[in-house]
Amino acid sequence: MSESRPGDPDVLPPADAVLFAPGKMNSINSLALGVTTSWVIGYAAEAIGKGIPLTVMPCTNTALTGHPQFPRSVATLRGAGVRVLLGEGGFVPNVPGQGRPEAYPWEAALVAVEESTRP
């Protein structure tokens with residue numbers, strides 16, 4: 001993998017919208033706090049700064065979403081214009097140990113992204 005240097009052109013075409021899913025607790029908290037320790041979180045953080053529609057769909061359980069930082073992170077992201085699909089119509093957290101990966105609502109995420117690109 002090569003590094004980019006200041007002044008190098010972007011290698012990716014500009015995005016119309018960005019989907020950040022499945023978003024684990026650590027990733028959502030990092031994104032909300034601006035802690036860009038990975039390329040994916042950095043890309044999503046830049047989308048916020050560039051005004052590119054960003055949709056986040058969590059994938060966590062009720063014990064983790066019950067931590068006091070998680071609702072603050074969701075509120076921070078929503079305050080920045082990010083659509084966070086948490087709750088009815090998006091991802092509903094499960095009880096720890098009772099997750100069903102096949103039930104993850106990918107379709108709801110894709111619909112939300114498509115809606116974000118409409119004028």
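Me: Where does N94 lie?
Reply: The model is predicted: local features need pLDDT of at least 70, side-chain atom pairs count only at pLDDT 80 or more, and totals for chains, interfaces and linings use all residues. Residues are numbered from 1 along each chain as its sequence is written, and side-chain values use heavy atoms, leaving out hydrogens and water. Helices (H or I, at least four residues) and strands (E, at least two) are DSSP runs, numbered from the N terminus. In these terms, N94 lies in the loop between β3 and α5.

Me: Are F91 and Y104 buried or exposed?
Reply: F91 and Y104 lie in the loop between β3 (83-84) and α5 (106-116), 13 residues apart. Buried means under 20% relative accessible area, exposed over 50%, and partly exposed in between (1.4 Å probe, protein chains only). By this scale, both F91 and Y104 are buried.

Me: What angle lies between the planes of F91 and Y104?
Reply: Rings of Phe, Tyr and Trp (its six-membered ring) pair if their centres lie within 6.5 Å; planes under 30 degrees apart count as stacked, over 60 as edge-to-face and the rest as tilted. F91 and Y104 form one aromatic cluster together with W106. The pair of F91 and Y104 is tilted, with 5.7 Å centre to centre and an angle between the planes of 45°.

Me: Why is the pair of W39 and Y43 stacked?
Reply: The structure holds three aromatic pairs. W39 and Y43 both lie in helix α2, four residues apart, or about one turn of the helix. W39 is exposed, with a relative accessible area of 56%, whereas Y43 is partly exposed at 28%. Their ring centres are 5.0 Å apart, and the pair counts as stacked because the planes meet at 20°.

Me: What accessible area do V11, L12, W39 and V40 have together?
Reply: V40 is found in helix α2 (residues 39-50) and is partly exposed, with a relative accessible area of 47%. Patches are made of residues with over 30% relative accessible area and no salt bridge, like charges being joined within 9 Å and nonpolar side chains (Val, Leu, Ile, Met, Phe, Trp, Tyr) within 5 Å. Accessible areas come from the Shrake-Rupley method with a 1.4 Å probe, and for residues only the protein chains shown count as cover. V11, L12, W39 and V40 form a nonpolar patch on the surface, and their accessible area together is about 470 Å².

Me: How far apart are the closest N and O atoms of E46 and K50?
Reply: A salt bridge is a side-chain nitrogen of Lys or Arg within 4 Å of a carboxyl oxygen of Asp or Glu. E46 and K50 are four residues apart in helix α2, a separation of about one helical turn. E46 is partly exposed at 46%, while K50 is exposed at 55%. In the salt bridge of E46 with K50, the closest N and O atoms are apart by 3.7 Å.

Me: Which residue forms a salt bridge with R100?
Reply: The whole structure has four salt bridges, including one between E114 and R118 at 3.4 Å, N to O. R100 is exposed, with 55% relative accessibility. At 3.3 Å between the closest N and O atoms, the partner of R100 is E102.

Me: What is the peptide bond from A21 to P22?
Reply: P22 lies in strand β1. Most peptide bonds are trans. The bond from A21 to P22 has omega near -10° and is cis.
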